Amino acid sequence: MSQALKLAEKGLYTTSPNPRVGCVVVKNNRVIGRGWHERAGQPHAEINALCSADDTVRNATVYVTLEPCSHYGRTPPCAEALIHAGVARVVIAMLDPNPLVAGNGAARLRDAGIMVQSGLLEAQASALNIGFVSRMTRHRPWIRLKMAASLDGKTALENGISQWITSEPARLDAHRLRALSCAILTGIGTVKKDDPQLTVRHVETTRQPWRVVIDSRLDIPADAKLLQGSKILIFTAAPDESRKKLLEEKGMKVMMLPTHGGKVDLAQMMVKLADFEINEVLVEAGSTLSGALVQEELVDELVIYLAPCLLGDKAQGMLNLPMLTRLSDKHTLELTDLRMIGQDIRVTAKFSSLELND
């Protein structure tokens with residue numbers, strides 16, 4: 001199963017909106033076939049593993065990181081392929097949270113007389129597909145908030161200058177996070193201040209993520225760099241139909257999700273992102289939007305690059321959050337990873353209140 005998980009990792013940057021899945025076929029204590037799912041619309045891991053086998057797969061054992069599908073989607077069901085191949089045993093890391101499968105694949109295999117076991121290295125398999133699991137169980141993507149700051153928690157000077165606080169290796173690593181994501185989210189303030197492209201440029205990728213902008217008044221500059229290209233989604237609260245039509249004629253998708261206060265409804269936005277089959281979102285935004293997402297408990301994970309420097313008390317902070325009067329109201333996180341990236345420290349943490357339904 002460890003080998004199957006390593007194979008699944010080969011699809012980290014390519015499989016979305018599908019999950020990352022690996023498969024190993026074993027017979028007489030020898031691996032005879034390996035495969036992984038490469039991208040949506042192409043054969044699943046089980047099919048690739050069966051096709052790569054250098055011996056007959058009849059009576060073999062199949063190790064797969066996700067329950068074989070039991071329905072017709074972009075490809076035929078893998079459970080039927082395994083039954084037709086005559087395998088004797090299937091070991092599954094995790095059951096598929098997709099309601100279209102959700103145990104049906106394993107049940108179909110058992111009904112055909114195949115021995116089925118599940119739960120081996122389940123936590124690792126789930127972590128590999130945390131965005132897919134989130135979309136299937138919560139109907140919202142996994143939201144990862146990325147920030148770069150000084151050791152005293154400042155993201156920019158008082159005058160707004162922020163390029164570059166962290167080193168080049170940290171910036172390259174941040175592009176890896178972009179490539180991992182299905183969408184990159186920012187706010188209109190960042191667009192106007194920094195005019196970012198929000199594309200993957202410094203690591204190899206076969207696809208570009210969606211670029212998503214929260215623009216309550218729909219006043220994004222027509223020459224903004226991120227408006228170049230495709231897969232652009234703008235959420236607004238302004239009923240400006242002429243402006244909306246102009247942007248849509250240029251190929252952008254514009255969705256109006258107003259709150260009573262004239263802002264974009266962030267919780268509803270997450271539901272819409274899930275409707276677009278977006279599994280993982282990387283937020284690269286200023287302190288106002290970042291703080292609002294945290295305050296509404298819509299951020300699942302923080303990734304903070306800390307540079308070995310100090311910017312002082314007057315510099316801009318990471319998150320605009322309401323003042324607390326009790327320590328018991330603090331936002332508690334669980335550190336999941338801490339490592340050096342060049343001369344910077346990368347801190348990864350999840351919010352302790354987070355729960356994903358199985």
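The chain falls into two parts, domain 1 (1-131) and domain 2 (139-351). The model is a predicted one. Between the centres of domain 1 and domain 2, taken over C-alpha atoms, the distance is 34 Å.

**Where the domains meet**

- In the contact between the domains, domain 1 takes part with 11 residues and domain 2 with 12 residues.
- About 1,100 Å² of area is buried between domain 1 and domain 2, and carbon and sulfur atoms give 49% of this area.
- Of the area that domain 1 buries against domain 2, 54% comes from Tyr13, Ile130 and Gly131, more than from any other three residues.
- The interface of domain 1 and domain 2 holds 1 salt bridge.
- The interface also has 6 residue pairs in polar contact, with both residues of a pair at pLDDT 80 or more.
- On the side of domain 1 that touches domain 2, the residues comprise 4 nonpolar, 4 polar and 3 charged.

**Salt bridges**

- The whole structure contains 19 salt bridges.
- One of the salt bridges pairs the side chains of Glu280 and Arg20, at 2.8 Å from N to O.
- Asp55 and Arg30 form another salt bridge, in which the closest N and O atoms are 4.0 Å apart.
- Asp55 has a relative accessible area of 34% and is partly exposed; Arg30, with 38%, is partly exposed.
- Glu284 and Arg178 meet through their side chains in a salt bridge of 2.8 Å, N to O.
- Glu284 sits in the loop between β12 (280-283) and α11 (287-295) and Arg178 in helix α7 (residues 168-180), so that this pair links distant parts of the chain, 106 residues apart.
- Both Glu284 and Arg178 are buried.
- The side chains of Lys193 and Asp194 form a salt bridge as well, with an N to O distance of 3.1 Å.
- Lys193 is partly exposed at a relative accessible area of 47%, and Asp194 is partly exposed at 32%.
- A network of salt bridges links Asp173, Arg176, Asp337, Arg339 and Arg346.

**Backbone features**

- Most residues other than glycine have a negative phi, and most peptide bonds are trans.
- Ser16 and Pro17 are joined by a cis peptide bond, with omega at about 10°.
- Pro17 lies in the loop between α1 (2-9) and β1 (22-27).
- Leu121 is not a glycine, yet its phi is positive, at about 55°.
- The position of Leu121 is in the loop between β5 (115-118) and α5 (122-128), and Leu121 counts as partly exposed at 26% relative accessibility.
- Leu198, not a glycine either, has a positive phi of about 55°.
- Leu198 is located in the loop between α8 (188-194) and β9 (210-214).
- Leu198 counts as buried because its relative accessibility is 1%, and the cut-off for buried is under 20%.

Conventions
Residues are numbered from 1 along each chain as its sequence is written. This is a predicted model: local features need pLDDT of at least 70, side-chain atom pairs count only at pLDDT 80 or more; totals for chains, interfaces and linings use all residues. Side-chain values use heavy atoms; hydrogens and water are left out. Domain bounds come from an automatic or database domain assignment. Contact means heavy atoms within 4.5 Å. Buried area is the accessible area (1.4 Å probe) that two parts lose on being put together, summed over both. A polar contact is a pair of N or O atoms within 3.5 Å; within protein, one must be able to donate a hydrogen and the other to accept it, and residues adjacent in sequence count only if both atoms are side-chain atoms. Ala, Val, Leu, Ile, Met, Phe, Trp, Tyr, Cys and Pro count as nonpolar, Asp, Glu, Lys and Arg as charged, and the others, Gly among them, as polar. Buried means under 20% relative accessible area, exposed over 50%, partly exposed in between (1.4 Å probe, protein chains only). Helices (H or I, at least four residues) and strands (E, at least two) are DSSP runs, numbered from the N terminus.
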